[in-house]
Amino acid sequence: MSLWRMAWRYLWGRTFVTVLTVTGIVLGAALIVTVLTLQRESETGFMSEGGQYDLVVGAKGSPLQLVLSSIYHLDIPTGNIPYARFETLTKDARIASAVPLGLGDNYHGYRIVGTDTNLFSLADRRDPKKHLYNLAEGVLFQNDFEAVIGAQVARQTGLKIGDSFVGTHGLVITPGSSEHRAFPYKVVGVLSPSGSSSDNAIYITLPSVWRIHEKEVETHRQIAGVAPKAASTNDLEVTAVLLRLKTIGLRLLMSQEIQKQTESMAAIPVNEMLRLYQQVLQPMQRCLLAVAALVVIVSALSITATLYQAAERRRHDLAVLRALGAHPREIFTLVVLEALLVTLLGLAAGWLLGHGGLALANPYFRDSLGISLSPWTTDRIEIVSLGLVAIGGLLAGILPAVQAYRREPVTDLSST
Amino acid sequence: MTASTRLAVEVQDCRLRLGSVSAEDIVFQLSEFRVGQDEQVALTGPSGCGKSTLLNLVAGLRKPDTGEINVQGTDLGRLSPSSLDTFRGRTMGFIFQSFNLLDTFSALENVMIGMRFGRAYPSAKYKERAVALLERVGLQRRLHIRPTRLSVGERQRVAIARAIANQPALLLADEPTGALDPATASEVFMLIRDVCQEEKCALLLVTHDLSLATQLPRQVDCLNLVKHIAKIEVTS
């Protein structure tokens, strides 16, 4: 019978204590796995999506708010800028592509984004051979009031090609908000799931947005008894413009140039997301990692205490093994193996719990944050962290093992 | 071949300080003791006369302060701790009054663990020999039962099987029948005697039961063998 098997049998000879000790390691390991995976995925998810655009131009206000509202569909926009600003930008030779966005309505909480088809011709910067937005079925919008919906929108609302729906005023669901019943949209395309914010958006033509809100303004004028106003292109507005530059090095210069314009500002998405990450997410993640480390340390101490107690209770057994010819180093190894088995068992179950939990929670992250996780990916940092836990567990077994190693068997054997 | 290699046990001028009571040092002292190859010896005497101490010294579980202990011609004092453990596991078998079985493991596993640390057989042979030995002591139907679910007589039978599993040259039995009723004690005693004859190993058996002791070819009264010296410490 090998020492491994003996150690295993000894562990399960005290099932309750072993289960408790393993549970401590499981929780610590699962917490580490969860925090590290969320850290990696949120970092890559947020950063890579932000990195798809070099600049976002919008109304003056908070740059972070502008980035969150126009790229991630999370915050409210800073306001609108004249459509003429967008036209000016399209003529700038330094700009590779400019995509206008017009926000204002939602359908069941999913934002309706007015834009043009240039959005769908953008290449994915992570894999330039692919497009950033891909149709799963149907076609792109050709006419006003045709809509291309994100994968998550289709899944959650049940909308499919050919279906009609009406938007509600505002960017979020608000009780009493008016529905634009006179302007129903028709679904003509559904996007493939991308694990990004586009899954949660509905794309329509920019003029659709203008026509709905032009009508709304007109209605308000009539109610107020104000004379109708002739429509003018000078009145047209966009919420933001997404820019890709020909040279990424121009980001700062161009943002400063745009900043000088009275009505607009430019934000560098990557910088804003990095700042958000460093100021808000990273400290939170560090706190969680510290908690995970504490859980692991407590578990390691628990291993030491358990094994110490077990070795004390087993003094008689260990003395018998010595009498049978076991070397002190074999006794030492036996006790250390118990610690190692507890730790490895806890790590394996913790890894499974952490990653399995993330796999189960993936739909929630996708639906609520627009981040699609790769829940089973184990990177180097995670392997190193779990390796440190394994070493900690091993060290936790050393003290009781040394105690057992040093003990003279004769004192623990029965005597006449 | 020297004289000592023909003996299973040879103890010479052995002295061991056992501890102190008040200001007195209790010292175990044995000038000479021998057990021949295949010889069966009963060690008798009242409690505290040094029977178990002698057994522990012969087993190498205790080290004398002075003197020499040879087992199968090997001077135990010259062996490193690891070599002594290996030597003990391979050369000697142990039977204790309280059986000293490992409760976590089955009867079969207890015997196999004895073989694992005895290192006398290749691991592939453990099971076959352990099963054969347990059958020999009448436990063929109790192989996978843990000691806590065996009767005391059965436990001692497992201990006997474990003790002879490595075909030791010397079997040390410390009050092996002390915890058994008279009928079972007699059965176990006969079993120990018989297996020692079958396995051709010397037997050094500690017992209080003179009726059993007299059934072995040689009896040694520890009171006549071991001297205890109580040395009075003079303090200023």
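Predicted model: local features only at pLDDT ≥ 70, side-chain atom pairs only at ≥ 80, totals over all residues.

Visitor: How many helices and strands does the secondary structure of chain B come to?
Guide: Chain B has 236 residues, of which 49% count as buried. Among its contacts between residues at least 6 apart in sequence, 75% join residues at least 24 apart. The secondary structure of chain B comes to 8 helices and 10 strands.

Visitor: What is the orientation of α5(B) relative to α6(B)?
Guide: In chain B, helix α5 (residues 152–164) packs with helix α6 (residues 182–199) at an angle of about 15°, and their axes are 10 Å apart. Angles under 35 degrees count as roughly parallel. Therefore α5(B) and α6(B) are roughly parallel.

Visitor: How many nonpolar, polar and charged residues make up the contact of α5(B) with α6(B)?
Guide: From α5(B) come Gly153(B), Gln156(B), Arg157(B), Ile160(B) and Ile164(B), which meet residues of α6(B) including Leu191(B), Ile192(B) and Val195(B). The crossing of these two helices, α5(B) and α6(B), is right-handed. Sorted by class, the contact of α5(B) with α6(B) has 6 nonpolar, 3 polar and 3 charged residues.

Visitor: Which residues does Leu204(B) touch, not counting residues up to four places away in sequence?
Guide: Leu204(B) is one of the residues that touch the most other members of the largest nonpolar core. With residues up to four places away in sequence left out, Leu204(B) touches Val9(B), Val35(B), Val41(B), Leu43(B), Leu55(B), Val58(B), Leu170(B) and Leu172(B).

Visitor: Is Thr239(A) buried or exposed?
Guide: Thr239(A) lies in the loop between β13 (237–238) and β14 (240–245) of chain A. Among the residues it touches are Gly58(A), Ser70(A) and Leu101(A). A residue counts as buried if 20 or more other C-beta atoms lie within 10 Å of its own. Because Thr239(A) has 24 other C-beta atoms within 10 Å, Thr239(A) is buried.

Visitor: How many residues does the contact take from chain B and from chain A?
Guide: On the side of chain B that touches chain A, the elements giving two or more residues are α1 (51–59), α2 (81–91), β6 (92–96) and α3 (107–118) of chain B. The residues on that side of chain B divide into 10 nonpolar, 12 polar and 10 charged. The contact takes 20 residues from chain A and 32 residues from chain B.

How values were computed:
Residues numbered from 1 in each chain as written. Chains lettered and ligands numbered in written order. Contact = placed C-beta atoms within 7 Å. Helix = DSSP H or I, 4+ residues; strand = E, 2+ residues; numbered from the N terminus. Nonpolar A, V, L, I, M, F, W, Y, C, P; charged D, E, K, R; others polar. Core = buried A, V, L, I, M, F, W, Y, C linked by C-beta atoms within 7 Å. Buried ≥ 20, exposed ≤ 12 C-beta atoms within 10 Å, placed from the backbone. Axes fitted to C-alpha atoms, helices over the stretch in contact; angles between N-to-C directions. Parallel < 35°, antiparallel > 145°, perpendicular 65-115°, else oblique. Left-handed = near helix turned anticlockwise from the far one by under 90°.
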